[in-house]
Amino acid sequence: MAFKSKINLLILIVVTIIYLISICNSASKYRKKSIKTAIDSRITSSGEVLNVIEANLIEQTPAYNVILKEHQITATKLTKNFPLETLAYVTPWNSKGYELTAKFAAKFTYLSPVWYQITWNQLNSIVSINGQQDIKQDWLASVRINSPSTKIIPRFIFDKFSYNDYAVALETQQKQIQIVSLLVNEINSQNYSGVAIDTGLIGARVPFANQLFSFLGLLSGALHEHNKMLFYAIPAMIRADHGSYLFEKKDFELLAPFIDRFSLMTYDFSSQMKPGPTSPIPWIVYSVMSLQSDPQMAAKLLIGLNFYGYDFATKLRLSNPIIARDYITLLEQQKPTIEWDDRASEHYFTYGKNQNSHVVYYPTLKSISDRLEEAKRLGVGGVSIWEAGQGLDYFFDLL
């Protein structure tokens, strides 16, 4: 009897294993079929690929395996979907940005290659323009052929300037005019449509603010004489160490008459000490509403849209910025459940345990779509993307 009982138990175990295997195989076939159906449903009878909006891929609960299957597929039509202005920064250290912005050039009102530095030589007190070695003439030609209306507005950053360097370099109007001349000559020689100036996170509270704002006024006048535009990068509403904001409404109102567009850097809200969303929508709204009172001035604002994210090691208080390839690798390795932060309107997922616990925030179709809609609701001029090569390919369907 004992022997017979063992035989029966063994048979029961075998039957159970076979049953479980059949269920797993069926589930696997169903998942594969669902993914294949999702891709096939994007192809019309004429062979065109639908964009992510038409294919209903914007979801609050996206599955990691669908992202893996879909993220490199983009619509056949390359026309602009977002009705407001769209600026994208393109960096020389990320070649994918060149590839994608050339392909989708018609979706961009402005493209801002990050090539140039304004440098200060303390020994001989000379300001120089550097970065010409990074200019990609083949990319410029491709953009201009694919979308003649897209304006090229390269960024010029005051590189490694201390407060004292700013004070000395901009000390007199004559010195300011010398820098203006360097910039205008470079813009005209390359047939750019304007200049995007980045002076870092500074506003009216710095001791050289009057000289800086005077310089921007002179630069604006010189550029406008040549029918060129002036863009200026400004921080979102983040408090400085002394408690006041880095850039406030009075700064905006002072500069707005001669700045054509402000690139509002509404990203990097969280930090390794306080992990969380990169650009929560309530913070975007607060930053915009705190600056503008005149709807015409609000139209000069381009709200920042990050195409990158962060992987936070929550226990170790470390963070790593991640771009598309890093995110895809994490999805492949971790196979996570992607969750929705309803307050911030961002997706995230967690992985690891104990001391190795991580939380990852990275843009999705849903989070980007929500921000594009918020830009329309706020009455701003549009969005500015940092930066084009860091996002997933199918993000461009939304633009």
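Buried means under 20% relative accessible area, exposed over 50%, and partly exposed in between, with a 1.4 Å probe and protein chains only. The model is predicted: local features need pLDDT of at least 70, side-chain atom pairs count only at pLDDT 80 or more, and totals for chains, interfaces and linings use all residues. Residues are numbered from 1 along each chain as its sequence is written, and side-chain values use heavy atoms, with hydrogens and water left out.

**View A. Asn-51 in its loop.** Asn-51 is buried, at a relative accessible area of 10%. The residue lies in the loop between helix 1 (2-40) and helix 2 (64-70). Helices (H or I, at least four residues) and strands (E, at least two) are DSSP runs, numbered from the N terminus.

**View B. Contacts of Asn-51.** The Asn-51 side chain reaches the backbone nitrogen of Glu-54 at 2.7 Å. Beyond neighbours within four places in sequence, Asn-51 is in contact (heavy atoms within 4.5 Å) with Arg-42, Ala-75, Asn-81 and Asp-397.

View C. Five strands run in the order 12-11-15-14-13, with antiparallel pairing (two strands pair if DSSP finds at least two bridges between them). Strand 12 (318-322) and strand 13 (339-341) are the edges; each has a single partner strand, so one side of each lacks a neighbour in the sheet. Neighbouring strands are turned by 25 degrees against each other on average, direction ignored.

**View D. Strands 13 and 14.** Strand 13 pairs with strand 14 (residues 346-351) over three bridges, in the antiparallel sense. Asp-341 stands opposite Glu-346 in strand 14.

Key
A polar contact is a pair of N or O atoms within 3.5 Å; within protein, one must be able to donate a hydrogen and the other to accept it, and residues adjacent in sequence count only if both atoms are side-chain atoms. Axes are lines fitted to C-alpha atoms, for helices over the stretch in contact, and angles run from 0 to 180 degrees between N-to-C directions.
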